[in-house]
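Subject: Structure handover

Hello,

Here is the structure we talked about. Please open it and keep it beside you as you read. My notes follow below.

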Amino acid sequence: MRKNLFNVGALFHGFRTTFSYFFYKKPTIEYPSVKKQHAPRFHGLHELRRYGDGKERCIGCELCAIACPANAITVIGAENTPEDRHSPGERYAAKYEIDELRCIFCGLCEEACPTDAIVLTPRFEMADYRRGAFVYAKDRLLVAPDEGVGQAPDERPNGIPSDLGMVSEKKSTVDVATGYDATARGKYLKEHRRGLAG
Amino acid sequence: MQAAADLINAVPFWLIVLVKSGIVLLVVITTFAYSMLFERKIMAWMQLRPGPNRVGPWGLMQPAADAVKMMFKEDLTPNTADPLIYKLAPFISLITAMGVFAVIPFAEPTGTGFFGAIGDVNAGILFVFALTSIGIYGISLAGWSSGSKFPLLGSVRATAQMISYELSMTLSVIGVLILAGTTSLMGIVHAQDRVWFVIPQILGFIIYVITAVAETNRAPFDLVEAETELVGGFHTEYSGLRFGLFFIAEYLNMITVSCLATLLFLGGWNALFGLTFIPGLIWFLAKAGAFLFFYIWLRTTLPRFRYDRLMDFGWKVLFPAATLNLVLTAVVVAFWPTNG
């Protein structure tokens, strides 16, 4: 007890630490007004894509529903007719629903899709007040006809990166609005690490 | 000029005191509100957070938002509580915390005494200690009358802690009184014209700072509240405005202790480095503010004491040290009488 009580050096060390932190730049990202930029391959809300001529890519094959480990996807296919043509092939998805509360955002649906119809976008803000609102049907999943073809699946600008973690870290911590790079702060802390952690 | 002086002399004494009290009350309550924000901001910055910044620019309207929130919360009284004492306790804390400001001088009195303190009591320091001691009753009674176990533990701790630390605090202040030769707070400040008492009374100052933290139940001596073990301690059962009153009392006590440290040890409104063109009031506020900052800094840095160590430290370290300081001061003053 004596030893602890009169260890004045440790006391000053503590005071110095808190005082130096007082002047550090704060890593907080003030979320609603400043948004973090996610990695390009971030798994967020789903999207059903279209072809350039406006036709749906989905052919109603249900492979995504089979691949889904959480049973979040419901697909009911139907036959295309010359009068009511949705997709280029024979069949299309008459009903396509994803329960986003069940979804674990693993991206297996995206990989299973033979026509690259279903993709995961980086959009993540889907909070709502009712459970029912999380069942996304075609009206919300499908890209609007006047908005092009939708998100390209699995975009890798320079091929497959050798270190996926590094790329995502670099991309995800740059604050778009202020240009603040949190990894620089992390590097600083690592270099100047003191006390118990060091 | 003469006419102005006559006019001032014509104002009745009670009116002067009333106006002064009003001004001090207003300033002190505002200071309380912003010292809360000040604390939250500083703590946040020291913990790498931005702190409150949503209400108004830089969060400056946060105190107002908190006050409104407090007022509209439900005022609960537990079934097991003793209703009269339960409702009275916050007022005991608050009134004693506020009453202290009646004798604290903020600056050199000018002219006919319009400025300075509300009242220059010749036993000012005794008045302050008497009132702060009564303030402890607020905490003890609150815990006892809540009729639940955590507050009771809190108030038992409060009683023990206050007795242990008030003793050392008073002893550390007696050294200053011996040097100044007066118990008037104005007189003590005047006695520090040449050298601040923090230099001859450095041991007393250190003891005062430590005991002051314990007296006001602040971290690392906040065993009375101890959120992690006593769920708020003596004010566990309080809510709404009554909780707010305890809150105000705690922060006012903090401000009081800072003011006292400034008056007793840091030369009051005496200027540093001969910078006399800066008004004394500014000097006083700057010193008290620096002390408040130290308080908050302390809270962010140190973890809470264990209860037995707190008592050990009070009785086995601070009390002998304060006694030693007192005896040394008395001996020095008795055998080397200076031109005082």
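Two residues are in contact if their C-beta atoms, placed from the backbone, lie within 7 Å. With that rule, residues 24 or more positions apart account for 72% of the contacts in chain A with a separation of 6 or more.

Some ground rules. This is a predicted model, in which local features need pLDDT of at least 70 and side-chain atom pairs count only at pLDDT 80 or more, while totals for chains, interfaces and linings use all residues. Residues are numbered from 1 along each chain as its sequence is written, and chains are lettered from A and ligands numbered from 1 in the order in which they are written.

Chain A

Chain A has seven helices and five strands. Both are DSSP runs numbered from the N terminus (helices: H or I, at least four residues; strands: E, at least two). Along the sequence, the pattern of chain A reads α-α-β-α-β-β-α-β-β-α-α-α. Of the 198 residues in chain A, 16% are buried. Buried means that 20 or more other C-beta atoms lie within 10 Å of the residue's own; exposed means 12 or fewer, and partly exposed is in between, with C-beta atoms placed from the backbone.

Where the chains meet

Twelve residues of chain A and 13 residues of chain B form the contact. On the chain A side, helix α2 (residues 8-22) gives the most, with six residues. That side of chain A has eight nonpolar, three polar and one charged residues. Here Ala, Val, Leu, Ile, Met, Phe, Trp, Tyr, Cys and Pro count as nonpolar, Asp, Glu, Lys and Arg as charged, and the others, Gly among them, as polar.

Helix pairs in chain B

Two packed helices are described by the angle between their axes and the distance between the axes. Axes are lines fitted to C-alpha atoms, for helices over the stretch in contact, and angles run from 0 to 180 degrees between N-to-C directions.

Take helix α10 (residues 240-264) and helix α11 (residues 280-301) of chain B. They pack at an angle of about 125°, with their axes 8 Å apart. α10(B) and α11(B) are therefore oblique to each other. (Under 35 degrees is roughly parallel, over 145 roughly antiparallel, 65 to 115 roughly perpendicular, and the rest oblique.) Residues in this contact include B:Met254 and B:Ser258 of α10(B), and B:Phe284 and B:Lys287 of α11(B).

Now helix α6 (residues 149-180) and helix α12 (residues 307-335) of chain B. Their axes come within 9 Å and cross at roughly 15°. That makes α6(B) roughly parallel to α12(B). By class, their contact has 17 nonpolar, nine polar and one charged residues.

Cores

A nonpolar core is a set of buried Ala, Val, Leu, Ile, Met, Phe, Trp, Tyr and Cys residues joined through C-beta atoms within 7 Å. The largest one has 84 residues, and B:Leu252, B:Ala261, B:Leu264 and B:Phe265 touch the most other members. α10(B) gives the most to this core, with 15 residues. A second, separate core of 22 residues includes A:Tyr96 and A:Leu142.

One exposed residue

Is B:Glu74 buried or exposed? B:Glu74 counts as exposed, with 7 C-beta neighbours inside 10 Å. B:Glu74 sits in the loop between α3 (62-72) and α4 (83-99) of chain B. Leaving out residues up to four places away in sequence, B:Glu74 touches B:Ser239 and B:Gly240. B:Glu74 and B:Gly240 are 166 residues apart along the chain, yet their C-alpha atoms are separated by 5.7 Å.

Best wishes
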